[in-house]
Amino acid sequence: MLNSTGELEFSNEEDAEIISQLTSLALSDGKSSAGAPEKTGYPDSVYVMAANIFQGIRIEKSAQKVLIKYGNEPLRSFSESEDQSFQRLSYELAFSALKYQDILETILIDSCIFPSTTIPDHLSSLIIVMLYDFQDRKFQTRVLSDNEESISEVQEVENLLNSFKIKLAAALARCRIKHDALSIYHILPETVRKQELRASTLPLYAWINTCKISPEEVYNNLKRRGYNKVKSVLHIDDKVFAVDQHCYDVLIFPSHLKNDLINIDLFKDYKLIFQDKSRSLAVHSVKALLNMDDDILMVNTGSWYTVAHMSILTNNNTSKVFVCGVQSQAKDPDLKTLFTEMGCKNIEILRETFINIESKDHRLQKVKVILLLPRCSGLGVSNPVEFILNEHEDTEFLKDHSQGGISVDKLHILAQQQYEQLTHAMKFTKAQAVVYCTCSVCPEENEAVVKKALEFQDLGNKVQLYSGTLLRQCL
């Protein structure tokens, strides 16, 4: 059992008054809460999954500075983790806790919860993520639904935090005052705050699966649901949508409509698919370079939705879409089911990694365009959680974004991998074009890689160079 002795005793009325005064000084974001729905907390299972995610990506401290010890074993997980809405909540909570890790640890130490000899190490991550949510709710009691499944570890930590809530609120207020910040949000690095601002204002992009529905049918379906078609969705709070000016099958929605949209049949039935616009631009760039019977080779696809989009754009051709590097046969049934449900018929899976495929491979002699989507820093991504869920990125991606950047050494490693893949792609002499697409704004991963690869090759008059500036402006 966690030991909560030592906490001061207050009546409920005194608690409420003191908490109100303290939290007015220390909100978790820098925005006004007027008109925003009151936060009520998460289901127990979300806290557990968020704690396990945080445990794997938390920032390690040097041995001399460690006052809070974290265990090595994850908490018991639950079946709901397969649900994407459940995953999204868990990842968002873990990412928020990661961004504020230093502050949350300071609050726990300042309030005398840590260091402790009675708190098991394996609960430390759960305490961190639940503390983030607790202060985000202004230390108000969590609202539980009648059918909520209770998890003993969560209940134990919740009781501990509730018993220390006065001290926690006071420690949070002192932290804000120490940093002379309007809120703890303003203690975050400026790059992280700018990223959060972009994520809250950028629109949503979704492409139309024209194998299952026509654009006109989508427009009419949305209009029946109260959505109006407009020319631009920027700074509009109503239920509206617009057609993207660069990709004819991509729709744009204001970001605040995400929760409403994911529950409609168009998205549930794979007729509309949310995805970052950079991926749609990539596949449309490939489509523009193809003849009717040309094949495509896709490298490092990330999301299978990108493969499906490429397949659907070439559905009326005799083209094949080859996808390399899919080594796990365990995923085959799920992939086949997904592609069947989406109407994709021309996808061929290759087990080999791209670097291990010979340029003279007999299967690839009709490949005219290679779409290279290398692993990158992702520093052009505004919403890391959505990117991880959609592109199947490693959770380490969140650690980099929580700090507002990556180390120089890691950037050099990524750039070298990108260079090796790009130069290998250029060995496929029958291919007439390579489309290279990253989600990074770093020149080291873009122009520098392309320039170095071109210098390595003796290309003669074969390659016509294009600037990436236009695509960046499109994004």
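## Cysteines and burial

Buried here means under 20% relative accessible area and exposed means over 50%, with partly exposed in between. This is a predicted model, so keep that in mind as we go through its cysteines. Cys-211 comes out at 30% relative accessibility, which is why it counts as partly exposed. Cys-175, on the other hand, has a relative accessible area of 7%, so it is buried.

What about disulfides: how many does the structure hold? The count is 0. For a pair to qualify, the two cysteine sulfur atoms have to lie within 2.5 Å. The closest cysteine sulfur to that of Cys-211 belongs to Cys-344, and at 6.3 Å it is too far away for a bond.

## The annotated site

UniProt, in an unreviewed entry, puts the feature "active site" at Cys-439. An annotation like this may be inferred rather than shown by experiment. Where does Cys-439 sit in the fold? Look in the loop between β10 and α18, the latter covering 447-456.

Is Cys-439 buried or exposed? Its relative accessibility is 7%, so Cys-439 counts as buried. Leaving aside residues up to four places away in sequence, Cys-439 touches Ser-278 and Arg-279, along with Cys-376, Gly-378, Leu-379, Gly-380, Val-381 and Phe-387.

## The sheet and its helices

The partner of β10 is β9 (residues 367-372), and the two pair in the parallel sense over 4 bridges. If you want a residue pair to look up, Leu-371 has Val-435 in β10 as its bridge partner.

## A crossed helix pair

Elsewhere, helix α4 (residues 101-110) packs with helix α5 (residues 124-136) at an angle of about 95°, and their axes are 10 Å apart. Angles from 65 to 115 degrees count as roughly perpendicular, so that is the label for α4 and α5. On the α4 side, the contact is made by Leu-104, Glu-105, Ile-107 and Leu-108. Helix α5 contributes Ile-127, Ile-128, Leu-131 and Tyr-132.

Note on methods:
Residues numbered from 1 in each chain as written. Predicted model: local features only at pLDDT ≥ 70, side-chain atom pairs only at ≥ 80, totals over all residues. Heavy atoms only, no water. Pairing = 2+ DSSP bridges. Buried < 20%, exposed > 50% of the residue type's maximum accessible area, 1.4 Å probe, protein only. Contact = heavy atoms within 4.5 Å. Axes fitted to C-alpha atoms, helices over the stretch in contact; angles between N-to-C directions. Parallel < 35°, antiparallel > 145°, perpendicular 65-115°, else oblique.
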